[in-house]
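User: I'd like to learn how to read this model. Can you walk me through it, starting with confidence?

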Amino acid sequence: SGFNSIGHMDTMLRGRHQIGHYKEGEEFIQNVFHLLFQTFTGKEKSNLSIYWLQYEISKVVQCLQAKKKKKLKAQGRKSKKLAKNFLKAPENRNNLSLWKLYAYLEWLLGNTDDARKVFDTALRTVGTGGLKSAQLCSLSLLYAQLEVELLESLEGAVMSRAVHILTKLTESGPYVPYSGQVLSVNVLKARKTYEHALQDYLSRTPVSDQDQVSDTDQLVNLVGCYALFQYLTVGIDAAVLIYTQASEKLEASGSQKCENTGENFGILNLPTALEAVTLLHTNLLRFHMKISVYPLNPLREALTEALKRYPSNQSLWRSYIHIQRKSHSASKARRFFDSVTRSTNSLEPWLFAIQAEQMRKKLTEKVQRADVGEIHCTIPETGLTNRIVALFEHAVQSENGTHCPLLWRMYLNFMV
């Protein structure tokens with residue numbers, strides 16, 4: 001059928017239809033997964049199952065974003081069948097990462113009660129690792145985050161299911177499903193346990209590189225759980241304090257190791273740990289602003305600091321664009337984009353700068369065409385068009401931009 005792209009390009013709009021997963025591209029990807037699945041065994045096979053399920057979840061998310069109910073139903077059935085088949089395999093019975101993805105899939109499909117059952121079952125079967133088990137922390141963090149997203153305000157949050165999950169994580173006993181209340185004494189005990197665990201992790205020196213990797217993963221999950229626990233039981237300032245402490249400590253240990261060794265071999269995962277903690281921090285601030293009155297500045301500052309350090313993090317850029325849309329002055333954002341594109345070779349700042357301007361252009365045109373139907377405005381907005389073309393021109397001249405098919409396609413699409 002001629003020329004087709006594999007996967008999807010969600011930045012491109014074709015008329016009213018958003019470009020989704022092409023049939024041929026989809027078949028190709030499925031074939032690759034099937035072939036590899038027969039080749040691998042053991043740990044590799046489990047990892048492949050996780051990647052495959054993550055890919056299926058990305059398609060469910062796409063259906064949700066495009067609001068295609070029929071397609072979502074069909075995709076949901078396929079994805080659930082695949083997840084259940086993976087979990088039936090004897091080697092995956094205790095694979096918490098797979099259980100976590102399956103529960104998340106059910107949650108995305110709107111089956112909240114089923115998702116809770118899967119989460120509860122996984123937490124019950126895994127035993128009593130407590131805060132020392134990275135996978136258990138990761139599972140509890142996702143479960144609690146999803147539950148928090150259902151809250152409409154922080155009133156009575158201390159008695160919520162999320163607090164129950166985060167409290168149970170600190171107790172070494174078996175997990176007991178939520179019964180509708182959380183004891184104050186358990187909350188106090190949990191806070192002490194979190195505090196000690198975090199101090200231990202921040203003062204620990206890892207023995208080997210392998211320890212370093214698992215330690216940093218564990219630290220991120222621990223910080224996430226503790227901060228969310230503080231947010232629900234004390235408030236936003238207490239949660240922000242924990243993120244700040246963890247970030248400062250990680251930065252300090254990173255720079256210290258560089259001085260000691262003269263190279264970066266000791267901090268294999270430190271940048272990723274810092275980046276992950278920053279992401280948790282900004283996401284929590286965004287959520288808090290959604291459910292209550294809170295100034296925009298702390299979030300804006302956290303994002304600009306983080307993006308200077310991690311210019312290729314797409315989630316942070318999305319959040320930045322989202323908050324900038326609320327501001328009527330574009331000059332601050334433009335100056336920031338300009339400074340970041342000058343200081344990095346990453347292509348993301350260019351792509352997001354272009355996207356931000358295109359959103360602004362769309363908004364301007366929408367306002368100018370209000371109540372008139374599709375009549376092109378009498379005063380065309382040429383300033384923004386010229387600015388976008390200039391951004392494209394600069395982006396395709398950069399070293400990475402020259403070789404980026406997406407950028408060229410977006411440029412062609414815009415010019416058309």
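Analyst: pLDDT is the predictor's confidence in each residue, from 0 to 100. Here the chain averages 85, and 85% of the residues score at least 70. This is a predicted model, so local features need pLDDT of at least 70 and side-chain atom pairs count only at pLDDT 80 or more, while totals for chains, interfaces and linings use all residues. Residues are numbered from 1 along each chain as its sequence is written, and side-chain values use heavy atoms, with hydrogens and water left out.

User: Which elements have the lowest and the highest mean pLDDT?

Analyst: Elements are DSSP runs numbered from the N terminus: helices (H or I, at least four residues) and strands (E, at least two). Strand 2 (residues 17-18) is lowest at 54, and helix 4 (residues 96-108) is highest at 94.

User: Is S49 buried or exposed?

Analyst: Buried means under 20% relative accessible area, exposed over 50%, partly exposed in between (1.4 Å probe, protein chains only). S49, in helix 2 (residues 42-66), is buried at 0%. Contact means heavy atoms within 4.5 Å; leaving aside neighbours within four places in sequence, S49 touches F37, F86, N92 and L98.

User: How many residues of helix 7 are buried?

Analyst: In helix 7 (residues 161-170), 10 of the 10 are buried, so the helix is largely enclosed by the rest of the structure. Among them are R161, H164 and K168.
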